[in-house]
Every structure is written in C-alpha cells, then in structure tokens.
Amino acid sequence: MTEVLERPYVVASAAQSLDGYLDDCADARLVLSGETDLDRVDDVRAGCDAILVGAHTLRRDDPRLLVRSAERRQARVAAGRPPNPAKVVLTRSGDLDPGAAFFTAGPADRLVYAAGGSAPELRARLGSAATVVDADDLGDGPPDGVDLSAVLADLHRRGVRRLLVEGGRRVLTAFLTAGLVDELHLVVAPFFVGDPDAPRLVGPGEFPHGPGNRMRLAEVRRVGDVVLARYLLAAADDFWLRRAIELSRACPPTGSAYAVGAVVVDDTGHELASGYSRETGPREHAEEVALSRIDPADPRLASATMYSSLEPCSARASHPVPCADLIIRAGIRRVVLAWREPALFVDCHGVERLRDADVEVVERPELAPLAREVNAHLFD
Ligand SMILES: NC(=O)c1ccc[n+]([C@@H]2O[C@H](COP(=O)([O-])OP(=O)(O)OC[C@H]3O[C@@H](n4cnc5c(N)ncnc54)[C@H](OP(=O)(O)O)[C@@H]3O)[C@@H](O)[C@H]2O)c1
Ligand SMILES: [Zn+2]
C-alpha cells in the first residue's frame, strides 16, 4: 500500500514591515502589529493544537506562546482540550535556556525537537520542563537538522491536528520550501525597516509557489492599521484530497460501484462535513453523504471546496440528481478531484458539467493512483 503522510494542517503566521522584514537589528523586540491584531492572533492560537517556532526566535524574543484570553482558554477546556496549545521548538545547537518563557510560562505541553546529537544533553538540562524528542531517531533527516515531515508525522501521532508555525525566518523558509504550509497568514505593517542585516520574511529557496504557481488569496482584512492577507497553498489541496482518499478506504466493498471519499472544507481550512460511498445507504455517493450533513443555508458553502477522490458523477442509475448537480445546487464554487472516472459503469462528464456551471475544477492526477488503488478489485 502506498505510504500516506499523516500530518497536521499547517498554518504559518508572520508579520512583516512594508519592505518585507520580520524584525530589525535593535535589541528591543520590534512591534509590527497592534493590540487588535494580537487579539486576532490569539484567536488563531486558540484554534490550534500546537504552536511551533525556531530556537532563535526563543533566544531573541522570549515569547510565551500562550492563549492570552481567559475566555478562549475556558472555551478550549470546555471542549475537552488543554487551556493552551502545546509549544514546540526546533533546535540543532541545543542552545535553549530553561529559564525562557517557553519553558516557564503557563500550563502547556512543551516539545523540543533536537537534532544533531543535542538531545541527551538537553534532556538532562531541561528535566521535566519539556519532552525532548531526539530528532535523529525520527528517521533520516537532512544532515543539517530535523526532517520537517518527520516532525509533522510525530506531532500527528501526538494528537496535533492543527499546527501554527510562528517563525522565524529560517523556520518559515524551511516549511514553505518543503511544501508543508497549507495556509499563510501575513500581516503587513505600515512602515519600513530598511536594514539589509535584518531578517526578511523568508530567505532564498525553491518555493512551490513561484510566479507560475500563485497562491489563492482567501481573504484580505484591515486590522487596526495593518493588513492581513490570508493565502491558501497547494499543500492544502493535497492535504484534504488525501483525507478524502483515506475516507474511501472505509466504503463497504462492492463489485458494482466505486469506493469514493469526499470532504467539504471552508476557506479557513475547517472541515464542514465528510462522507464516503454507501456510508448511510446502499447506493449513496460520497459527495451526496457529505452534502447531506451541511445545512443548505450555511453561508460557508459559497467559499468552500469539495474534495473528492473520484470525479463527481454526471448521471446515475440509482438517483435522479447526479453529484455534479448536487454540488452546483449547494452553491459550492470549487471542486478538487484526484481521479477522472474511467468508463466502467457509466460515461461520466462530471468535470465538464461542473465547468459549464462555472465551478472551478482542479485535478490532481498525481494522486489518482492512490484513489484507484482503493478500487483495484474492480479492475481484476
Ligand atoms: N515578525 C514575525 O512575525 C516574527 C515571528 C517570529 C520570529 N521573528 C523574528 O525572526 C527572527 C528569528 O528568525 P531566524 O531565522 O533567525 O530564526 P528561527 O527561524 O526562529 O530559528 C532558527 C533556528 O531554529 C532551529 N531550526 C530551524 N530549522 C531546524 C531544523 N529543520 N532542524 C533543527 N533545528 C532547526 C535552529 O536552532 P539552533 O540555532 O538552536 O540550532 C535554527 O538556528 C528574530 O529576529 C525574530 O524576532 C519574527
Ligand atoms: Zn455521485
């Protein structure tokens, strides 16, 4: 079976000056955003299971990485979650001060991913203040540090489903160039830094989103005197489509229909509903099951994406309304699919039908083999 990387949904968040700097070179911490924006970030933090930073950000800024609002902490606890997300730091040098706010502030789980042989010494020095994960045990990482995919897989095993990456420059660069960011929240402050020695948002690198592959702009918001831009990256499509394919594995087997999984996701990376074929009835299709679980008046449908492991059907024997029409009627404007339906049972024109109705259809054929594999028995 093909290996599927199980990882959390990753939101990267940063604030920069108009000329693209994360900080200046002065000793004091540079204030980029204001109170209103800090409150917005607090809300984003409260919605995550863990917050990750690079060791240099700890050394330079000494952030607490806690949820500040008591109401938000209470809401988390009421939902059966810890009051604060777990705090996560990456290091290679092991140069971390046990007196840093990361280790001393607030009740929170603390995880240190230590590469390059720094784990044993850190474990001894930090004691019970944090769980030190020896990144060298997580598999073959690059020689210069922690393998980020391995870190994400490990966080997923520890129950982290939504991760907030808060910088700094090297960590943002590494996550972005590895294609491991699903959503980017970028705040632009209304001033210039103008110091070439200050850290920029990212360093040089090969980014999956170059000029030929623009990110999707999900939102622009004025927050006090700063601007928040929220981008959705290609990694998010991959993330949700893999989830749809995973769901298809749960379909009750039959030789007369495909096993399909479907997930409807809003434009903040939250799942509205999911389903798989025959989940709630012998003839039901995955998209139909997922849509039946959403209130047709839900305003999030207009900016939601339907992820389906197989092309939505355009004609079906068992039901008067094919899934392509159900999607159009639901007001969903974007569909991402892995596998075009082969002409095995019916001749499917789902993609054309959706496009004719001005629904954006994105095909990810590189994931088609994974979706087909679940249906291998139909082709024996
Ligand atoms: N404006 C914002 O939104 C914002 C947010 C955060 C930070 N910042 C600023 O960003 C600057 C810090 O950025 P930075 O690039 O210097 O540092 P950074 O990204 O915070 O941390 C880099 C360090 O993290 C560790 N690290 C990173 N990737 C690793 C990997 N794959 N494996 C193992 N360790 C890894 C290494 O720690 P060791 O050195 O210990 O080996 C590395 O030196 C500061 O000026 C801070 O104020 C700004
Ligand atoms: Zn269908």
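Which residues coordinate the zinc ion (ligand 2)? The legends below start there.

**View 1. The zinc ion (ligand 2) and its donors.** H285 (ND1), C313 (SG) and C323 (SG) coordinate the ion at 2.0 to 2.3 Å; donors here are N, O and S atoms within 2.8 Å of the metal (3.2 Å for Na, K and Ca), and water is not among the atoms, so sites may look incomplete. This is a predicted model, where local features need pLDDT of at least 70, side-chain atom pairs count only at pLDDT 80 or more, and totals for chains, interfaces and linings use all residues. Residues are numbered from 1 along each chain as its sequence is written, chains are lettered from A and ligands numbered from 1 in the order in which they are written, and side-chain values use heavy atoms, with hydrogens and water left out.

**View 2. Spacing of the zinc donors.** Along the sequence the pattern reads H-x27-C-x9-C. C313 sits in the loop between strand 12 (305-310) and helix 10 (323-330), and C323 in helix 10, so the pair ties together parts 10 residues apart in sequence. Helices (H or I, at least four residues) and strands (E, at least two) are DSSP runs, numbered from the N terminus.

**View 3. The shell around ligand 1.** Ligand 1 has 25 residues around it, with D23, T57, T91, S93 and V146 the closest; a residue counts if one of its heavy atoms lies within 4 Å. Helix 2 gives the largest share, six residues.
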